Amino acid sequence: MSKEQLNKLFMPPNKLKAKVGGGTFAGLDMAAVQRAEAAMETLKVEFVDWIAKDIARLGDAYSTFVANRNANTGSDLFRAAHDLKGQAATFEYPLIARVAASLSKLMDELDSPELAPLTLVQAHVEAIRVIFRDKIKDISNRVALVLVEELETRTQQTLERAAHSE
Amino acid sequence: MSGYRFERLKILVVDDNQHMRKLVVTILQAFGVVHISEAVSGEAAWNVMRDTNPDVILLDWQMNGMDGLEFARQARTSPQSPNPFIPIIMLTGHTHIDHVRLARDAGVNEFLAKPVSVKAILTRLVSVIDHPRPFVRTNSYFGPCRRRRASEEYKGPERRNVGEATALDDETPVIAKRAAERTS
């Protein structure tokens, strides 16, 4: 067995374990979980302000994209949508997360984000604004669900058409 | 009481979104973490990493400039990396399996899809403390073993050979040797 083989896989010293210890019982520290969940509850009063700012950022990115469609403005719009996709559910707007996921998928999976159809991009941005304006937090809201599913379908169709035209 | 002395831990949170940083920092503080640094980009994180020598990094993917993926690659392989072994937990809105593979190939230890949950963050944190992955050096990769701990169980002839960090010798990757010297 060569030295090279021996060095392919090795375990560095676990200095982290030595530093913080722990692991004295199986399972998660539920007291820590409860403390953190309580801390998150105290933050909830700020969530509405946070998501409003994230939606405003998306709107700004969309306006810039409309005024000057290029890879950079498209990338900024993608990142704004991607942030909402990741955070909106935490901020109690899961349907906004779904619309943002559809928009970020559209912007990400085309060859270049500036190829995204403006009408479809606009429909996503407007849907997010409406869901927030009407405070729709319920994932079973029928009207909102129809809207979300339609946007997801249109995004999928657009991506499939783009793939076939290559 | 878990026995984890989180107050001894130094964590760097890298995210360009201030709301996500505040959320993650609040959760970490509730766990008992006291020493928390923040950075808004890969470039800024690089400087903070050098200045504060964190124990763990919570890293966003999508950022302006150097993104999380590139930061992870640099942290693992750059000769200037302050700690190529540092545990990196990637916290991202990406959820597709292809993204998980990309993160894994960049040297990320744990992948955590947003939206964040308290339990998910604690689970990943405990994982890098209690169940660290062995490190691998190949011609094209240096970082945590990308196979999910299966190597601990399979003893057949096709497995990689396992050595101990204390047995590093002249053929050990230069980066790994340098880091081992620095942390010893």
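## Contacts and layout of chain B

In this predicted model, residues 24 or more positions apart account for 60% of the chain B contacts that have a separation of 6 or more. Buried residues make up 46% of the chain, which has 184 residues in total.

As for secondary structure, chain B has six helices and eight strands. Reading from the N terminus, the elements go β-α-β-α-β-α-β-α-β-α-β-β-β-α.

## The sheet in chain B

Five strands of chain B make an open sheet, ordered β2-β1-β3-β4-β5, with parallel pairing. The edges belong to β2 (35-39) and β5 (110-113) of chain B; each has a single partner strand, so one side of each has no neighbour in the sheet. On average, and ignoring direction, neighbouring strands here are turned by 20° against each other. As background, strands of a sheet pair through backbone hydrogen bonds, in either a parallel or an antiparallel way.

Let's zoom in on β1(B). Four of its five residues are buried, which leaves the strand mostly covered. On one pairing, β1(B) and β2(B) run parallel over five bridges, and Val14(B) sits opposite Ala39(B) in β2(B). On another, β1 (residues 10-14) of chain B is joined to β3 (residues 56-59) of chain B by four bridges, again in parallel; here Ile11(B) has Val56(B) in β3(B) as its bridge partner. Then there is helix α2 (residues 42-52) of chain B, which lies across β1 and β2 of chain B and runs at about 170° to β1(B).

## Two nonpolar cores

Which residues have the most contacts inside the largest nonpolar core? That core has 55 residues, and the answer is Ile27(B), Phe31(B), Leu58(B), Leu59(B), Ile88(B) and Met90(B). Take Ile88(B) as an example: setting aside neighbours within four places in sequence, Ile88(B) is in contact with Ile57(B), Leu59(B), Ala72(B), Ala75(B), Gly107(B), Val108(B) and Asn109(B).

There is also a second, separate core of 36 residues, and its members include Ile51(A), Ile55(A), Leu58(A) and Leu151(A).

## Helix packing in chain A

Two packed helices are described by the angle between their axes and the distance between those axes. For helix α5 (residues 94-109) and helix α7 (residues 142-164) of chain A, the angle is about 10° and the axes are 10 Å apart. Because angles under 35 degrees count as roughly parallel, α5(A) is roughly parallel to α7(A).

Who meets whom? From α5(A) come Leu95(A), Arg98(A), Val99(A), Ser102(A), Lys105(A), Leu106(A) and Glu109(A), and from α7(A) come Ala144(A), Val148(A), Leu151(A), Glu152(A), Thr155(A), Thr158(A) and Leu159(A). By type, the residues of this α5(A) and α7(A) contact split into seven nonpolar, three polar and four charged. Leu151(A), one of the α7(A) residues in that contact, is also among the members of the second core.

Leu159(A) in α7(A) is part of the contact as well. Pro117(A) belongs to the loop between α5 and α6 (118-133) of chain A and is partly exposed, with 15 other C-beta atoms within 10 Å.

Most residues other than glycine have a negative phi, and most peptide bonds are trans. Here are some spots that go the other way. Glu92(A) has phi near 75°, a positive value in a residue other than glycine. Glu92(A) is placed in the loop between α4 (71-87) and α5 of chain A, and with 13 other C-beta atoms within 10 Å Glu92(A) is partly exposed.

Asn53(B) is also a residue other than glycine with positive phi, near 50°. You'll find Asn53(B) in the loop between α2 and β3 of chain B, where 15 C-beta neighbours inside 10 Å make Asn53(B) partly exposed. And what kind of peptide bond joins Lys114(B) and Pro115(B)? That one is cis, with omega about 10°; Pro115(B) is in the loop between β5 and α5 (118-130) of chain B.

## A look at Phe142(B)

Phe142(B) is in strand β7 (residues 142-144) of chain B. Is Phe142(B) buried or partly exposed? With 19 C-beta neighbours inside 10 Å, Phe142(B) counts as partly exposed, because buried would take 20 or more. Phe142(B) and Asp105(B) are 37 residues apart in sequence, while their C-alpha atoms are 8.9 Å apart in space.

Note on methods. Residues are numbered from 1 along each chain as its sequence is written. Chains are lettered from A and ligands numbered from 1 in the order in which they are written. This is a predicted model: local features need pLDDT of at least 70, side-chain atom pairs count only at pLDDT 80 or more; totals for chains, interfaces and linings use all residues. A nonpolar core is a set of buried Ala, Val, Leu, Ile, Met, Phe, Trp, Tyr and Cys residues joined through C-beta atoms within 7 Å. A residue is buried if 20 or more other C-beta atoms lie within 10 Å of its own, exposed if 12 or fewer, and partly exposed in between; C-beta atoms are placed from the backbone. Two residues are in contact if their C-beta atoms, placed from the backbone, lie within 7 Å. Axes are lines fitted to C-alpha atoms, for helices over the stretch in contact, and angles run from 0 to 180 degrees between N-to-C directions. Helices (H or I, at least four residues) and strands (E, at least two) are DSSP runs, numbered from the N terminus. Angles under 35 degrees count as roughly parallel, over 145 as roughly antiparallel, 65 to 115 as roughly perpendicular and the rest as oblique. Ala, Val, Leu, Ile, Met, Phe, Trp, Tyr, Cys and Pro count as nonpolar, Asp, Glu, Lys and Arg as charged, and the others, Gly among them, as polar. Two strands pair if DSSP finds at least two bridges between them.
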